[in-house]
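Open the structure in your viewer and keep the selection panel at hand. The stops below say what to select and what is there.

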Amino acid sequence: MSVTGMVITDKSPFALKRATGDLADGAAKLAEEIGATAVEAVLAQANRAAARRGATAALGPMQPRPAEWYAFDAGDQDTVDWYPQGLTGSTDSGVIGVPALVVSWYFKPTAGERGIRVSFLSPRTLKYRHALLVLAKPDGSYGPINIHAGGIAIDGDLLYVADTVRGLRVFDLRRILDLRTAQNDLGDADRIGRAGGKFHAFGYRYVIPQTDMWRLANPGPVFSFVSLDRSGGTGKLITGEYRENDPGGRVARWNLPFSGGEPAEAYVMGQSKIQGALSQGDTWYLSQTGGSARNGKLLVHRGGQFQTRPFPIGPEDLTVQDGRLWSLTEFKGRRIVFGVGL
């Protein structure tokens, strides 16, 4: 049965103010000392292989199946420390020179903290590589960022990462730092930052320092996911709220280039358990989870009503790439990036 939703609501609670502080300076100093590289170079050094149409358990009884999907390798399927959440790509960016999908992961350990990371994946080669997102420190070092990173979007060179209760963190993809160029010990998986005259990143070769921050002017709204709408002449950045058993979750749509303040508009979705939302003009796509054992749903709002389409188990963030709607799944042994028709 169709359900009405997407009701216009007050946009003022979502107001964001810039809080750059010394973030840009710290990132610039690290880039000068270590040396920066580009997304294309990271993909050229990809060291993991995704499997085309693997990890079919993620699909459950979904019919029809996605038009395409890629499964992470065995190590990333089996880990109980890292969980994929956000998704964006080169179509969102508009300036990345090769086709790419980008996935965010958060660390969920029993002890310690490794922060958040992103994976750069090539749909052409199915090779991918992780990079650690870090926070520069005044002493010239850096540390992990302990947030959920439930959604990401790239506009130009800027990677926006959802920070649940604070707003949006920003990372400049022109400042991906290659620790190998600084002759550091990449084999030390237990250290982060500057130590013993070298830089460390829990064994990662690439780190990306935060360069900017947009903070909520007043507490209240939640930033669970992020996406981009490039279907019109002016791009839109979309942010939204996950609510477990409450249909009052909201989405906000902001004009690009992003400049904070209030969004252009905001809506109540009228649906609970939404892990990602994306618009294409007046049409909205919502990714709804069914938990770790049941298939989720793709809710499409068009003409004032929702229609339901099949989705895999544990669907998360949404993006558009090459004319398809893409999402990803989060649960152990069922981690895929998949594309369906719009």
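## Aromatic pairs

A search of the whole structure finds eleven aromatic pairs (rings of Phe, Tyr and Trp, the last by its six-membered ring, pair if their centres lie within 6.5 Å; planes under 30 degrees apart count as stacked, over 60 as edge-to-face and the rest as tilted). This is a predicted model, in which local features need pLDDT of at least 70 and side-chain atom pairs count only at pLDDT 80 or more, while totals for chains, interfaces and linings use all residues. Residues are numbered from 1 along each chain as its sequence is written, and side-chain values use heavy atoms, with hydrogens and water left out.

Select F72 and W105. Their rings form an edge-to-face pair, 4.9 Å centre to centre with 65 degrees between the planes. The pair links distant parts of the chain, 33 residues apart: F72 is in the loop between β6 (68-71) and α3 (74-78), and W105 is in strand β8 (residues 101-107). Helices (H or I, at least four residues) and strands (E, at least two) are DSSP runs, numbered from the N terminus. Is F72 buried or exposed? F72 counts as buried because its relative accessibility is 4% (buried means under 20% relative accessible area, exposed over 50%, partly exposed in between, with a 1.4 Å probe and protein chains only). W105 is also buried, with a relative accessible area of 0%.

Next, select F311 and F338. This aromatic pair is edge-to-face too, at 5.0 Å centre to centre and 80 degrees between the planes. It links distant parts of the chain: F311 belongs to strand β26 (residues 305-313) and F338 to strand β29 (residues 336-341), 27 residues apart. Both F311 and F338 are buried.

Then select Y160, W214, W254 and F258, which form one aromatic cluster.

## Charges over rings

Show R114 with F202. R114 lies over the face of F202, at 4.3 Å from the ring centre (a charge sits over a ring if NZ of Lys or CZ of Arg is within 6 Å of the ring centre and within 35 degrees of the ring normal). Now show R117 with W82: the charged end of R117 sits over the ring of W82, 4.3 Å from its centre.

## Two open sheets

Switch to a cartoon view. Strands of a sheet pair through backbone hydrogen bonds, either parallel or antiparallel.

Colour the open sheet of four strands, in the order β23-β24-β25-β26, with antiparallel pairing; two strands pair if DSSP finds at least two bridges between them. Which are the edge strands? They are β23 (274-280) and β26, each pairing on one side only. Neighbouring strands of this sheet are turned by 20 degrees against each other on average, direction ignored (axes are lines fitted to C-alpha atoms, for helices over the stretch in contact, and angles run from 0 to 180 degrees between N-to-C directions). Six bridges pair β23 with strand β24 (residues 283-288) in the antiparallel sense. Select G276 to see that it stands opposite S287 in β24.

Move on to the open sheet of five strands, ordered β5-β6-β29-β28-β27 and paired antiparallel. β5 (51-52) and β27 (319-321) are at the edges with a single partner strand each, so one side of each is left without a neighbour in the sheet. β5 and β6 run antiparallel and are joined by two bridges. The bridge partner of A51 in β6 is A71.

## Salt bridges

How many salt bridges does the structure hold? There are 21 salt bridges (a side-chain nitrogen of Lys or Arg within 4 Å of a carboxyl oxygen of Asp or Glu).

Select D155 and R230, whose side chains meet at 2.5 Å, N to O. D155 is in strand β12 (residues 152-155) and R230 in the loop between β19 (225-229) and β20 (236-240), 75 residues apart. D155 counts as buried at 17% relative accessibility, and R230 as partly exposed at 36%.

D157 lies in the loop between β12 and β13 (158-163) and R174 in the loop between β14 (167-172) and β15 (176-178), so the pair ties together parts 17 residues apart in sequence. D157 is partly exposed, at 29% relative accessibility, whereas R174 is exposed, at 53%.

Select E265 and R253, where the closest N and O atoms are 2.5 Å apart. E265 is in strand β22 (residues 265-268) and R253 in strand β21 (residues 250-255), twelve residues apart. E265 counts as partly exposed at 22% relative accessibility, and R253 is buried at 7% relative accessible area.

Finish with R48, D73, D76 and R117, which salt bridges with shared partners join into one network.
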